[in-house]
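My notes are below the display.

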Amino acid sequence: MIDPVMLQDVLEGLELPQKELSPKYFYDATGSELFERITELDEYYPTRTERALLEEQAPKWVRELRPASLVELGAGSSEKSRVVLSAMEDAGTGNVYVPVDVSGEFLHETARKLRLEYEGFRVEPEVVDISAPFDLPSDLPGPTWIALLGSTIGNFAPTDAVRLLKRVRSHLAPDDRFLLGVDRRPGPGKSVERLERAYNDDSGVTAAFNLNVLRVLNRELGADFDLDAFEHRAIYEPTHQRIEMHLVAQRPQEVTIGESRIRFEKGESIRTELSCKHDRASVDSMLEAADMEVERWAEDAEGAFTLLLAAPVEPGKG
């Protein structure tokens with residue numbers, strides 16, 4: 001049965017002057033598995049850089065602030081969160097983990113594995129679309145850390161990112177913290193070429209991940225996209241300081257979705273993902289708009305990636 005909300009959302013996106021799709025449709029089981037493969041690629045520096053920062057900082061931050069619960073938004077396989085969970089386990093600070101993701105099948109398999117790895121932890125998966133208002137379990141022991149790792153904040157345009165951060169802030173008590181991973185803008189230690197290579201790997205995994213969204217639409221909406229008629233493209237757009245991923249039509253064509261027909265000219269594209277890049281000023285601005293402020297800040301030697309802890313502040317005092 002076709003989901004009418006998904007159908008409307010997809011058609012509205014494809015009727016825009018710049019056709020676009022929400023990146024949440026990437027993450028069926030196949031898409032989630034492909035993304036995990038992306039994180040292991042040589043070209044994809046964010047995952048290993050963020051993990052190194054977590055391994056360096058998390059044990060110290062956990063010992064000092066003693067979180068009892070960890071909530072991870074967009075958890076995926078929870079690979080990086082394992083660093084925080086192990087730090088919590090070693091420090092004896094807490095034993096509750098709430099992985100949150102839009103892909104239910106993948107999420108529940110991740111939770112099953114975690115229960116075997118961390119037998120003393122209570123693992124409570126939540127299938128949630130974080131691009132919309134969401135609830136969290138009300139009985140979490142505090143302090144609670146809410147984590148958004150993997151530079152996922154970059155998938156949201158600035159105004160949408162602030163909306164998400166405000167939703168996070170609404171779940172934070174004074175002693176709670178927000179753990180955030182941020183991919184940095186190009187600079188002296190990070191070229192545009194390096195940034196673009198992270199989204200254009202030689203083995204074609206990112207291209208397969210991008211094209212899989214059309215397979216999702218074919219399956220879920222009965223669409224008739226020809227995957228061979230579209231090509232992956234990812235470029236850095238300096239005006240808005242972001243990577244844009246597109247699927248580019250290789251020939252003129254019409255695609256049927258439900259009762260609608262969408263026309264594509266040769267060279268016309270569907271924008272499937274934004275990955276906004278940030279610096280300290282843009283991070284501070286987003287957090288201030290959401291009544292939070294940076295408490296701990298760590299970055300790698302090249303300035304390619306930042307890991308931070310943010311604390312809630314009273315409205316108007318950020």
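The entries that follow cover the cores, then one glutamate.

Basis. I worked from a predicted model, in which local features need pLDDT of at least 70, side-chain atom pairs count only at pLDDT 80 or more, and totals for chains, interfaces and linings use all residues. Residues are numbered from 1 along each chain as its sequence is written, and side-chain values use heavy atoms, with hydrogens and water left out.

Entry 1, cores. I took a nonpolar core as a set of buried Ala, Val, Leu, Ile, Met, Phe, Trp, Tyr and Cys residues joined through side-chain atoms within 4.5 Å. Buried means under 20% relative accessible area, exposed over 50%, partly exposed in between (1.4 Å probe, protein chains only). The largest core has 41 residues, and Val10, Leu214, Phe225, Phe230 and Ile257 touch the most other members. Elements giving it two or more residues include helix 1 (4–14), helix 8 (205–221) and strand 7 (230–237); helices (H or I, at least four residues) and strands (E, at least two) are DSSP runs, numbered from the N terminus. Helix 8 gives the largest share, eight residues.

Beyond four places in sequence, I found Val10 in contact (heavy atoms within 4.5 Å) with Leu21, Tyr25, Leu217, Leu221 and Ile257. A second, separate core of 31 residues includes Val96, Leu136, Ala161 and Val294.

Is Glu244 buried or exposed? Glu244 has 8% relative accessibility, so it counts as buried. Glu244 lies in strand 8. Its side chain makes polar contacts with the side chains of Arg242 (2.9 Å) and His246 (2.9 Å). A polar contact is a pair of N or O atoms within 3.5 Å; within protein, one must be able to donate a hydrogen and the other to accept it, and residues adjacent in sequence count only if both atoms are side-chain atoms.
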